[in-house]
Amino acid sequence: MTVSATLRDLLASGADAAPALLAEGQPTLDYAGLREQVAETVAALNARGIGRNDRVAIVLPNGPEMALSFVAIGAGATTAPLNPAYRAEEFEFYLNDLGAKALVVAEGVDTPAIAVADKLGVPIVTLTPQPDKGAGRFTLGGDTDAGAGAPVFAEPDDVALVLHTSGTTSRPKIVPLTQTNICTSAHNIATTLQLTADDRCLNVMPLFHIHGLIGALLSSFNAGACVFASPGFNALRFFAWMDEAKPTWYSAVPTMHQAILSRAGRNKAVIEANPLRLIRSSSSSLPPQVMASLEETFGCPVVESYGMTEAAHQMASNPLPPAARKPGSVGIAAGPDVSVLNEKNEPVPAGAIGEICIKGPNVTPGYEANPSANAEAFAGGWFHTGDQGRLDDEGYLFITGRIKEIINRGGEKISPREIDEILLDHPAVDQAVTFALPHDKLGEEVAAAIVLKEGQTANERDLRDFVASRVADFKVPRKVVFVEEIPKGATGKLQRIGLHEKLADVLGA
């Protein structure tokens, strides 16, 4: 596989008659139909006066139309996918911040984004599905400013995708990703997973998130492979989709894998009838216990990867067999250069802890209109991820935590991930997340939220004693709370920062 410079080039990978996109109850869209849709969409946007580097906000439910509109709009303009679950205030912030030239919404779907766009004077373009022409096919309605002509496609340095950082500790920052950034990352993932035209991905990740967009969708298209576009993650429907799609792999965040495992026992026949070649996990730490359960249940290798928005997703990944997969590690550099640096931007020795930093053609050129953030994040010619970790003697990367999530208990530093993994070894614990609890004298204290396995029991003392048998006393959670579900972000990731506020009722705070 060669590295494509633009989305248009990347989408040329698949054979005309090869399947590109599948969806529940819809006819297959082949690559010829996909490319036809791309050309029609870019021409339709151009006719509205929208072209290269113009921002088009997309508010669509997960599914084939969202998948196809992303690649079609991105081939000629700049895509800005937004979470359909946002409230009006959030849409107003993002549409304003982006400077969107248009908003794409599905025909007949009620979303507060429409009223916000009207208020801001952002033109609304309605998308009408044409499932009879193939999964995801659509037309774009609304008035046009000019007659349709030959489509003008984006160039390699044009911005293909803009996303905001999560903004858990500060105002969200705009991350512009060029055509080259996202195509390079798609190539890196396809290479890591050894994807071919025979592969088929069951996508359960949201398509307003870098993991779904690049990790599942574009990596597959880069290989001329096929994607089954689900309407969004649903553990109750996962195995029915698996039976219909006949996938060779899927990619998800750890909380999704755990939900899938909880229903795997009653779906053994589906698993045996539809053997997977691999399972990929990214966007959050995969507990080694979950990795082992997945491999035992599905009988295939589980590849943990390390990604973030600023890198157009993938930075490192565990390789496929016969190379080693190391539980607890996010693998070896898989695209960009990866280094662990000290505060002077110097590499630290193998085994020493520092900040994980990267550089390469998949990395954003910089945050938009944010010179102070760029000066800090790109110091010394490296992008500073904000993650703390170490490299072993074989170049495998181990993340010890987000620097901002490290718990500072009176000067003692505790990695919450270390405590998570110990708690998950307890036979009664299904999910665990360790977090900082504000303390008037120490600054921060260690706390943990626990979801117990069905039919299992444990109390706070049991779990505190279990952790105390493995680590120093200052690392033992002083507060353990039991919940039916741990609060998660929009993409299914556990969010430690601010968790004490979300759990205030059970914490008694």
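Colleague: How many bridges join strand β14 to strand β15?
Modeller: There are 4 bridges between β14 (residues 302–308) and β15 (residues 313–317), and the two strands run antiparallel. Strands are DSSP runs of E with at least two residues, numbered from the N terminus, while helices are runs of H or I with at least four. Two strands pair if DSSP finds at least two bridges between them. Glycine 307 lies opposite glutamine 314 of β15.

Colleague: What are the ground rules for the model itself?
Modeller: This is a predicted model, in which local features need pLDDT of at least 70 and side-chain atom pairs count only at pLDDT 80 or more, whereas totals for chains, interfaces and linings use all residues. Residues are numbered from 1 along each chain as its sequence is written, and side-chain values use heavy atoms, with hydrogens and water left out.

Colleague: What is the strand order in the open sheet of 9 strands?
Modeller: The order is β2-β1-β11-β10-β12-β13-β14-β15-β16, with mixed pairing. β2 (29–30) and β16 (332–333) stand at the edges with a single partner strand each, so one side of each lacks a neighbour in the sheet.

Colleague: And which strands does helix α8 touch?
Modeller: Helix α8 (residues 238–245) packs on the sheet and touches β10 (200–203), β11 (226–229) and β12 (249–252). Contact means heavy atoms within 4.5 Å.

Colleague: Changing topic, what is the pairing in the open sheet of 4 strands?
Modeller: The pairing is antiparallel, in the order β17-β18-β19-β20. Within that sheet, β18 (residues 354–359) and β19 (residues 383–391) pair over 4 bridges.

Terms used. Axes are lines fitted to C-alpha atoms, for helices over the stretch in contact, and angles run from 0 to 180 degrees between N-to-C directions.
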